[in-house]
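Reader: Could we go through this structure together? Please begin with how the terms are defined.
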Amino acid sequence: MSDRRLYIAFAVLLLSAQAHADDRAREPEGYRTENYRAPVPATLAGARVLSTEEAEAIWRAKSGAFVDVLPRPPKPKSLPAGTVWRDQPRRDIPGSIWLPDTGYGILAAATEDYLKRGLERMSGGDRGRFLVFYCLADCWMSWNAAKRALSYGYTNVAWYPEGTDGWAAADLPLADVQPEPRPEE
């Protein structure tokens with residue numbers, strides 16, 4: 001290949017990489033409060049960002065507690081009496097705790113308390129316990145929840161942005177889970 005062609009190929013590769021980097025969202029100062037299924041940033045200040053390979057290694061070594069924050073569709077209040085309601089099953093990274101609805105940018109006091117109690121249980125009260133937050137790929141909810149855990153004083157926080165989408169794509173095991181019960185349930 002000539003030097004000119006090599007230079008052009010390199011320039012195209014560089015521009016392509018820059019364009020892809022520009023597709024990534026910038027890390028906001030606060031929590032994301034809308035459009036939760038959108039490109040996420042590559043970083044989370046104060047937390048470690050994990051690839052699927054890193055998340056798998058942590059899972060296999062049982063060196064971290066995995067926390068799923070994917071929302072759970074609520075049972076419609078307008079259902080006629082006697083109507084059978086079946087929760088949509090959730091396939092999760094085995095051994096995870098599912099704390100649905102805790103990744104929104106703004107949490108009701110009861111939901112925030114539910115998150116705090118769930119993290120307390122998962123960490124055994126140890127703010128240094130390694131916690132791995134996830135939901136789906138391009139989902140801001142796990143980013144928000146990991147950021148929130150940092151604000152609660154947890155010091156060993158990781159964010160797995162590919163979530164169960166990346167896990168399944170790597171052909172890693174998934175298990176049916178039920179959410180951690182809330183006090184009102």
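Author: Helices (H or I, at least four residues) and strands (E, at least two) are DSSP runs, numbered from the N terminus. This is a predicted model, in which local features need pLDDT of at least 70, side-chain atom pairs count only at pLDDT 80 or more, and totals for chains, interfaces and linings use all residues. Residues are numbered from 1 along each chain as its sequence is written, and side-chain values use heavy atoms, with hydrogens and water left out.
Reader: How many helices and strands does the protein chain have?
Author: The protein chain has five helices and seven strands. Starting at the N terminus, its elements follow the order α-β-α-β-β-β-α-β-α-β-α-β.
Reader: In what order do the strands of the open sheet run?
Author: The order is β1-β6-β5-β2-β4, five strands with parallel pairing; two strands pair if DSSP finds at least two bridges between them.
Reader: Which strands stand at the edges?
Author: They are β1 (48-49) and β4 (97-98); each has a single partner strand, so one side of each lacks a neighbour in the sheet.
Reader: Which residue in β6 stands opposite Val49?
Author: Trp159 does. β6 covers residues 157-159 and pairs with β1 in the parallel sense over two bridges.
Reader: Changing topic, how many disulfides are there?
Author: The count is zero, a disulfide being a pair of cysteine sulfur atoms within 2.5 Å.
Reader: Are Cys135 and Cys139 buried or exposed?
Author: Cys135 is buried at a relative accessible area of 0%, and Cys139 is buried at 3%. Buried means under 20% relative accessible area, exposed over 50%, partly exposed in between (1.4 Å probe, protein chains only).
Reader: What share of the protein chain counts as buried?
Author: Of its 185 residues, 38% do.
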